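Please look at the sequence and the 3D structure shown here. A short report follows them.

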Amino acid sequence: VISGLLAVLLLYSGLRAQDQVHFPGPQLLGRPTDTSVTVNVVADTSTDAYFEYGTQPGVYSNKTGTASAAANEPLLTVLSSLKPDTPYYYRMVYRRSGSNSWISRDSHTFHTQRPPGSTFTFTVASDSHINITPFGNADLYREMLQNLAQDRPDFHLDLGDTFAMD
(Lines give C-alpha, C1' and ligand atoms only; values in the text may rest on other atoms or scores of the structure.)
Protein backbone atom coordinates (compact mmCIF):
# COMPACT_ATOMS: atom_id res chain seq x y z
CA VAL A 1 0.00 0.00 0.00
CA ILE A 2 2.77 2.44 0.93
CA SER A 3 4.70 1.73 -2.27
CA GLY A 4 1.48 2.25 -4.27
CA LEU A 5 0.87 5.62 -2.58
CA LEU A 6 4.47 6.60 -3.17
CA ALA A 7 4.17 5.71 -6.86
CA VAL A 8 0.99 7.82 -7.19
CA LEU A 9 2.64 10.77 -5.40
CA LEU A 10 5.73 10.53 -7.60
CA LEU A 11 3.60 10.32 -10.74
CA TYR A 12 1.53 13.35 -9.67
CA SER A 13 4.58 15.42 -8.70
CA GLY A 14 6.27 14.48 -11.98
CA LEU A 15 3.25 15.65 -13.95
CA ARG A 16 3.12 18.92 -12.03
CA ALA A 17 6.85 19.56 -12.58
CA GLN A 18 6.37 18.77 -16.26
CA ASP A 19 3.58 21.37 -16.46
CA GLN A 20 5.61 24.13 -14.77
CA VAL A 21 6.55 27.16 -16.80
CA HIS A 22 9.34 29.59 -15.92
CA PHE A 23 8.80 33.33 -16.40
CA PRO A 24 12.21 35.05 -16.67
CA GLY A 25 10.72 38.47 -15.85
CA PRO A 26 7.65 40.03 -14.28
CA GLN A 27 4.38 40.75 -16.03
CA LEU A 28 4.51 44.26 -17.44
CA LEU A 29 1.58 46.60 -17.98
CA GLY A 30 1.60 48.99 -20.90
CA ARG A 31 -0.58 51.19 -23.09
CA PRO A 32 -2.85 52.23 -20.20
CA THR A 33 -6.01 54.19 -21.00
CA ASP A 34 -9.13 55.00 -19.05
CA THR A 35 -10.78 51.76 -20.26
CA SER A 36 -7.96 49.31 -21.05
CA VAL A 37 -4.44 48.13 -20.27
CA THR A 38 -2.16 45.62 -22.03
CA VAL A 39 -0.38 42.86 -20.08
CA ASN A 40 2.92 41.64 -21.52
CA VAL A 41 4.51 38.44 -20.21
CA VAL A 42 7.19 36.09 -21.53
CA ALA A 43 7.56 32.39 -20.66
CA ASP A 44 10.40 29.99 -21.39
CA THR A 45 8.08 27.53 -23.11
CA SER A 46 5.09 27.61 -25.42
CA THR A 47 2.22 28.81 -23.24
CA ASP A 48 -1.54 29.36 -23.26
CA ALA A 49 -2.92 31.97 -20.88
CA TYR A 50 -5.88 34.12 -19.96
CA PHE A 51 -6.37 36.85 -17.38
CA GLU A 52 -9.06 37.19 -14.75
CA TYR A 53 -9.77 40.67 -13.39
CA GLY A 54 -12.18 42.64 -11.24
CA THR A 55 -12.52 45.62 -8.92
CA GLN A 56 -12.28 43.71 -5.61
CA PRO A 57 -9.33 41.70 -4.30
CA GLY A 58 -9.76 38.01 -5.16
CA VAL A 59 -13.04 38.60 -7.03
CA TYR A 60 -12.45 38.22 -10.75
CA SER A 61 -15.72 39.07 -12.49
CA ASN A 62 -14.12 39.40 -15.95
CA LYS A 63 -11.98 37.09 -18.03
CA THR A 64 -10.08 37.52 -21.30
CA GLY A 65 -9.99 34.97 -24.06
CA THR A 66 -7.11 32.51 -24.12
CA ALA A 67 -3.99 33.67 -25.94
CA SER A 68 -0.95 31.61 -26.94
CA ALA A 69 2.72 32.43 -27.38
CA ALA A 70 5.77 30.47 -28.46
CA ALA A 71 8.69 29.98 -26.07
CA ASN A 72 10.51 33.23 -25.24
CA GLU A 73 8.03 35.32 -27.24
CA PRO A 74 5.81 37.99 -25.64
CA LEU A 75 2.23 37.08 -24.86
CA LEU A 76 0.22 40.31 -25.11
CA THR A 77 -3.31 40.48 -23.74
CA VAL A 78 -5.59 43.52 -23.54
CA LEU A 79 -7.81 43.89 -20.48
CA SER A 80 -10.69 45.96 -21.84
CA SER A 81 -14.10 47.40 -20.96
CA LEU A 82 -12.61 48.83 -17.77
CA LYS A 83 -14.08 51.69 -15.77
CA PRO A 84 -12.10 54.96 -15.74
CA ASP A 85 -10.37 56.05 -12.51
CA THR A 86 -10.83 52.62 -10.90
CA PRO A 87 -8.47 50.21 -9.13
CA TYR A 88 -8.41 46.68 -10.60
CA TYR A 89 -7.05 43.34 -9.41
CA TYR A 90 -5.92 40.74 -11.91
CA ARG A 91 -4.13 37.44 -12.22
CA MET A 92 -2.78 35.30 -14.99
CA VAL A 93 -4.01 31.73 -15.45
CA TYR A 94 -1.70 29.70 -17.69
CA ARG A 95 -0.66 26.28 -18.85
CA ARG A 96 2.14 24.81 -20.90
CA SER A 97 0.72 24.44 -24.43
CA GLY A 98 -0.75 20.96 -24.79
CA SER A 99 -1.23 20.48 -21.05
CA ASN A 100 -4.59 20.18 -19.30
CA SER A 101 -3.34 21.68 -16.00
CA TRP A 102 -4.17 25.37 -15.54
CA ILE A 103 -2.11 27.25 -12.95
CA SER A 104 -3.00 30.62 -11.37
CA ARG A 105 -0.26 33.18 -10.74
CA ASP A 106 -0.32 35.73 -7.94
CA SER A 107 -2.76 38.62 -8.02
CA HIS A 108 -1.58 42.12 -8.94
CA THR A 109 -3.24 45.51 -9.13
CA PHE A 110 -3.40 48.60 -11.33
CA HIS A 111 -5.48 51.77 -11.54
CA THR A 112 -7.07 52.97 -14.78
CA GLN A 113 -6.39 56.47 -16.07
CA ARG A 114 -7.73 59.30 -13.99
CA PRO A 115 -9.63 62.25 -15.49
CA PRO A 116 -7.60 65.20 -16.84
CA GLY A 117 -6.64 67.55 -14.03
CA SER A 118 -6.62 64.82 -11.35
CA THR A 119 -3.61 64.43 -9.11
CA PHE A 120 -1.37 61.38 -9.39
CA THR A 121 1.97 60.21 -8.07
CA PHE A 122 5.03 59.23 -10.05
CA THR A 123 8.47 58.22 -8.86
CA VAL A 124 11.92 58.22 -10.48
CA ALA A 125 15.01 56.20 -9.67
CA SER A 126 18.38 56.05 -11.40
CA ASP A 127 21.96 54.99 -10.97
CA SER A 128 21.24 52.52 -8.18
CA HIS A 129 24.37 50.49 -9.06
CA ILE A 130 23.17 47.58 -6.91
CA ASN A 131 25.97 45.14 -7.66
CA ILE A 132 28.62 47.49 -9.01
CA THR A 133 31.51 47.75 -6.57
CA PRO A 134 32.26 50.18 -4.94
CA PHE A 135 29.11 52.18 -5.77
CA GLY A 136 26.28 49.79 -4.93
CA ASN A 137 24.58 49.48 -1.57
CA ALA A 138 21.91 46.74 -1.35
CA ASP A 139 20.52 48.05 1.95
CA LEU A 140 20.08 51.55 0.54
CA TYR A 141 18.43 50.10 -2.58
CA ARG A 142 15.99 48.09 -0.41
CA GLU A 143 15.16 51.26 1.54
CA MET A 144 14.54 53.11 -1.73
CA LEU A 145 12.16 50.34 -2.88
CA GLN A 146 10.28 50.50 0.43
CA ASN A 147 9.95 54.28 0.05
CA LEU A 148 8.64 53.81 -3.50
CA ALA A 149 6.09 51.26 -2.30
CA GLN A 150 4.89 53.64 0.43
CA ASP A 151 4.32 56.34 -2.19
CA ARG A 152 2.04 53.95 -4.10
CA PRO A 153 2.99 55.56 -7.42
CA ASP A 154 0.71 55.56 -10.42
CA PHE A 155 3.81 55.43 -12.58
CA HIS A 156 7.48 54.65 -11.92
CA LEU A 157 10.50 55.45 -14.09
CA ASP A 158 13.81 53.66 -13.60
CA LEU A 159 16.39 55.50 -15.68
CA GLY A 160 18.93 52.70 -15.59
CA ASP A 161 22.36 51.81 -14.29
CA THR A 162 20.65 49.56 -11.78
CA PHE A 163 22.52 46.30 -12.41
CA ALA A 164 25.93 45.46 -13.82
CA MET A 165 25.48 43.59 -17.07
CA ASP A 166 28.51 41.30 -16.80
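## Ground rules

This is a predicted model: local features need pLDDT of at least 70, side-chain atom pairs count only at pLDDT 80 or more, and totals for chains, interfaces and linings use all residues. Residues are numbered from 1 along each chain as its sequence is written, and side-chain values use heavy atoms, with hydrogens and water left out.

## The whole chain

The protein chain has 2 helices and 11 strands. Helices (H or I, at least four residues) and strands (E, at least two) are DSSP runs, numbered from the N terminus. Along the sequence, the pattern reads α-β-β-β-β-β-β-β-β-β-β-α-β.

Of the 166 residues in the protein chain, 27% are buried. Buried means under 20% relative accessible area, exposed means over 50%, and partly exposed lies in between (1.4 Å probe, protein chains only). The accessible surface comes to about 11,000 Å², and 55% of that belongs to carbon and sulfur atoms. Such areas come from the Shrake-Rupley method with a 1.4 Å probe; for residues, only the protein chains shown count as cover.

Now take the contacts in the protein chain with a separation of 6 or more: residues 24 or more positions apart account for 64% of them. Contact means heavy atoms within 4.5 Å.

T38 sits in strand β2 (residues 37–42). Is T38 buried or exposed? T38 counts as buried because its relative accessible area is 7%. The T38 side chain makes a polar contact with the side chain of R31, at 3.4 Å. A polar contact is a pair of N or O atoms within 3.5 Å; within protein, one must be able to donate a hydrogen and the other to accept it, and residues adjacent in sequence count only if both atoms are side-chain atoms. Leaving aside neighbours within four places in sequence, T38 is in contact with L28, L29, G30, R31, L76, T77 and V78.

L29 belongs to strand β1 (residues 28–30). L29 is partly exposed, because its relative accessibility is 36%. Not counting residues up to four places away in sequence, L29 touches V37, T38, V39, Y90 and F110. L29 and V39 are 10 residues apart along the chain, and their C-alpha atoms are separated by 4.7 Å.

T86 lies in the loop between β6 (74–79) and β7. At 14% relative accessibility, T86 is buried. Which backbone oxygen does the side chain of T86 reach at 2.7 Å? That oxygen belongs to P84. The T86 side chain also reaches the backbone oxygen of K83, at 3.3 Å. Beyond four places in sequence, T86 touches T55, F110, H111 and T112.

T112 is in the loop between β9 and β10 (122–125). T112 is buried, at 3% relative accessibility. A polar atom of the T112 side chain lies 2.6 Å from the backbone oxygen of K83. A polar atom of that T112 side chain lies 2.9 Å from the backbone nitrogen of D85. Beyond four places in sequence, the residues that T112 touches include T33, D34, L82 and Y88.

## Pocket and cavity

Rolling a probe the size of a water molecule over the atoms shows where empty space is left. On a 1 Å grid over the protein atoms alone, a cavity is a set of points where a 1.4 Å probe fits but cannot get out, and a pocket is an open set with protein on both sides within 12 Å along at least five of seven lines; lining residues have an atom within 4 Å of a point. Grid points are joined across faces, edges and corners, and a volume is the space filled by probe spheres set on the points.

The largest pocket has a volume of about 1,300 Å³. It is lined by 29 residues, and the closest to its centre are F110, H111, P153, D154 and F155. Strands β1, β7 (87–96), β9 (108–111) and β11 (155–158) each give two or more residues to this lining. β9 gives the most, with 4 residues.

The structure holds 1 cavity of 30 Å³ or more. The largest cavity has about 40 Å³ of space. Among the residues lining the largest cavity are F23, V41, T45, E73 and M92.
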